[in-house]
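Have the viewer open as you read.

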Amino acid sequence: MNLSYQEKCILGPLAAMLIVYGNYFAGSMIRWLRGGTEDGEIGRLLGTLALLAVIEVAYQIAMAVIDRPAPKDERDRMIDAKATRNAYGVLAVSIVLVMGHVIFSEALPGLAWPFLLITPFLLVQAMLGALVLAEVVKGVTQLYYYRAGI
């Protein structure tokens, strides 16, 4: 598969994001499900963010050295706009769902299942998950449009 410079610049950070955040969320949820405390989670989150930033910067530097950056044209800007639109829609729906869950669990505590009760830790995880999901949707949308030749 022959990828353009733009596709390579999207694919690397997308893969890194899926791996790094996948590891973070899996570890956090396993710890929470086992009844562990939320101690140290801020450090894990900051470490995750720092690791992802280092990976992405290193990847972009390597891409600039290996492959000559292509200037963005009208097609690139259109693809970016469509991908941003999709990501914003996913983010908006995700945040509304998180807010709805918080309101539901507070308004009707007897009806909420025990494992769905929201804690500050889970609220932060859900909002971070919404941001990650929106970024993944943006990257996948961009890759789709580049592959489709739009």
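Before getting to the helix pairs, a word on how they're described: an axis is a line fitted to C-alpha atoms, for helices over the stretch in contact, and angles between N-to-C directions run from 0 to 180 degrees. Keep in mind, too, that what you're looking at is a predicted model.

**Helix packing**

Start with H1 and H4. Their axes come within 10 Å and cross at roughly 155°. Angles over 145 degrees count as roughly antiparallel, so H1 and H4 are roughly antiparallel to each other. H1 passes H4 in a left-handed crossing.

Next up is H1 with H2, where H1 covers residues 5–33 and H2 covers residues 41–66. Here the axes cross at roughly 165° and come within 10 Å, so this pair is roughly antiparallel as well. The crossing of H1 and H2 is right-handed.

Then there's H3 (residues 74–107) against H4 (residues 120–148), packed at an angle of about 155° with axes 8 Å apart. That makes H3 roughly antiparallel to H4, and the crossing is right-handed.

Side by side, the pairs look like this:

| Helix pair | Axis angle | Axis separation |
|---|---|---|
| H1 and H2 | roughly 165° | within 10 Å |
| H1 and H4 | roughly 155° | within 10 Å |
| H3 and H4 | about 155° | 8 Å |

How far is Gln-125 from Gln-142 in space? The C-alpha to C-alpha distance is 26 Å, for a gap of 17 residues in sequence.

**Outside: a nonpolar patch**

Now for the surface. Val-57, Ile-61, Val-65 and Ile-66 make a nonpolar patch of about 440 Å². One of these, Ile-61, lies in helix H2. Ile-61 has a relative accessible area of 52%; exposed means over 50%, so Ile-61 qualifies as exposed.

Terms used
Residues are numbered from 1 along each chain as its sequence is written. This is a predicted model: local features need pLDDT of at least 70, side-chain atom pairs count only at pLDDT 80 or more; totals for chains, interfaces and linings use all residues. Side-chain values use heavy atoms; hydrogens and water are left out. Patches are made of residues with over 30% relative accessible area and no salt bridge: like charges are joined within 9 Å, nonpolar side chains (Val, Leu, Ile, Met, Phe, Trp, Tyr) within 5 Å. Accessible areas come from the Shrake-Rupley method with a 1.4 Å probe; for residues, only the protein chains shown count as cover. A salt bridge is a side-chain nitrogen of Lys or Arg within 4 Å of a carboxyl oxygen of Asp or Glu. Helices (H or I, at least four residues) and strands (E, at least two) are DSSP runs, numbered from the N terminus. Buried means under 20% relative accessible area, exposed over 50%, partly exposed in between (1.4 Å probe, protein chains only). Angles under 35 degrees count as roughly parallel, over 145 as roughly antiparallel, 65 to 115 as roughly perpendicular and the rest as oblique. A crossing is left-handed if the near helix is turned anticlockwise from the far one by less than a right angle, and right-handed if clockwise.
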